[in-house]
Amino acid sequence: MTTVRDATPADADDIYRLLSAFATSYRPDRAVFDATTFPRIIEAASAGSAEFLVAEQNSCVVGYLLAVRMPTLFAGATILELLELTVAEPLRGRGTGSALIRAAQAKAREAKDVEVTVPTRRAAGFSRALGFHETAIHLKWSTT
């Protein structure tokens, strides 16, 4: 059985392991992760400006979801944008990712976000199956 809960500082090693297998555009740096990015994300989630969730099976973290909450002018309220979602390779296709998404959707409703967005191409079919629909093309510009 999969349990979804808020991530905690104690989850750092498991999340870093999952992140290392997930990242394709960037290579995570453990020192930066420990000193900067992970603590900032935990802080943002505690402050309500992000949702940082983990999926557990048998007391082991097997997936995580990171979404940021952003105020908007166009919608007149906040939106929740899903930035990262990954599940351990052997457990993919068994509902763990869907459980994380449903938990994030519930958090969005509680926070009165007007929408949840997913900027993705790799997981478009997965997202559509969970009720998302395509509305825009996501472009990026790298500062490096």
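**Exercise 1.** Find which residues Arg-5 touches, not counting residues up to four places away in sequence.

*Solution.* Start with the cut-off: contact means heavy atoms within 4.5 Å. By that test, Arg-5 touches Asp-11, Phe-52, Leu-53, Val-54, Glu-56 and Val-61. This is a predicted model, where local features need pLDDT of at least 70, side-chain atom pairs count only at pLDDT 80 or more, and totals for chains, interfaces and linings use all residues. Residues are numbered from 1 along each chain as its sequence is written, and side-chain values use heavy atoms, with hydrogens and water left out.

Next, pick out two partners. Val-54 is 49 residues from Arg-5 in sequence, yet their C-alpha atoms are 5.6 Å apart. With Glu-56, the side chain of Arg-5 makes a polar contact, side chain to side chain, at 3.1 Å (a pair of N or O atoms within 3.5 Å; within protein, one must be able to donate a hydrogen and the other to accept it, and residues adjacent in sequence count only if both atoms are side-chain atoms).

**Exercise 2.** Work out whether Arg-5 is buried, partly exposed or exposed.

*Solution.* Buried means under 20% relative accessible area, exposed over 50%, and partly exposed in between (1.4 Å probe, protein chains only). Arg-5 has 24% relative accessibility, so Arg-5 counts as partly exposed.

**Exercise 3.** Look at helix 2 and find its buried residues and their packing partners.

*Solution.* First locate helix 2: residues 30–47. Helices (H or I, at least four residues) and strands (E, at least two) are DSSP runs, numbered from the N terminus. Then colour Phe-33, Phe-38 and Ile-42, which are buried. Finally, see that the buried residues of helix 2 pack against helix 1 (12–22) and strand 2 (50–57).

Conventions. Expected span 1.5 Å × (residues − 1).
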